[in-house]
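Please work through the following exercises with the sequence and the model at hand. Each task is followed by a solution in steps.

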Amino acid sequence: NILVNCCHLLHNMREMGILLYYSYAAVDNPQKLKSWLESISDGLVGRVRISKEGVNGTLGGDLKRLEQYVEATRQGMPEI
């Protein structure tokens with residue numbers, strides 16, 4: 001398992017939220033997924049656990065940033 005720590009300092013304390021999610025899906029390249037999730041988690045705090053069987057995450061922060069994170073994950077990881 002790979003653990004992603006999203007411990008960025010929160011600025012401009014506005015309307016805050018918590019996102020809890022999981023997805024059972026085959027993860028062929030956990031390291032690549034880890035790097036991508038770190039790149040889209042700026043401004044959020046929490047943890048995302050990645051294994052070959054799926055992803056389990058708990059993130060908190062500004063609601064707009066959480067919405068952006070959700071939208072990015074729905075669009076999927078771009079091919080690099």
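**Exercise 1.** State where Asp28 lies and determine whether Asp28 is buried or exposed.

*Solution.* Step 1: Asp28 belongs to the loop between S2 and H1; helices (H or I, at least four residues) and strands (E, at least two) are DSSP runs, numbered from the N terminus. Step 2: the relative accessibility of Asp28 is 72%. Buried means under 20% relative accessible area, exposed over 50%, and partly exposed in between (1.4 Å probe, protein chains only). Step 3: Asp28 therefore counts as exposed.

The model is predicted: local features need pLDDT of at least 70, side-chain atom pairs count only at pLDDT 80 or more, and totals for chains, interfaces and linings use all residues. Residues are numbered from 1 along each chain as its sequence is written, and side-chain values use heavy atoms, with hydrogens and water left out.

**Exercise 2.** Locate Ser51, and explain why Ser51 is classed as it is.

*Solution.* Step 1: Ser51 is part of strand S3, residues 45-51. Step 2: its relative accessible area is 15%, so Ser51 is buried. Step 4: although 23 residues separate Ser51 from Asp28 along the chain, their C-alpha atoms are 9.3 Å apart.

**Exercise 3.** Describe how S4 is paired with S2 and with S3.

*Solution.* Step 1: S2 and S4 run antiparallel and are joined by nine bridges; two strands pair if DSSP finds at least two bridges between them. Tyr21 stands opposite Gly57 in S4. Step 2: S3 and S4 also run antiparallel, with seven bridges, and Gly46 faces Leu59 of S4. Step 3: a hairpin is formed by S3 and S4, with two residues between them. Step 4: seven of the nine residues of S4 are buried.

**Exercise 4.** Which residues of H2 are buried, and which elements do they pack against?

*Solution.* Step 1: Leu66, Tyr69 and Ala72 are the buried residues of H2. They cover an arc of only 125° around the axis, so they lie on the same side of H2; the arc is that of the directions from the helix axis to the C-beta atoms. Step 2: these buried residues pack against strand S2 (16-24), helix H1 (30-39), S3 and strand S4 (54-62), where contact means heavy atoms within 4.5 Å. Step 3: Lys64, Glu67, Arg74 and Gln75 are exposed on the other side of H2.
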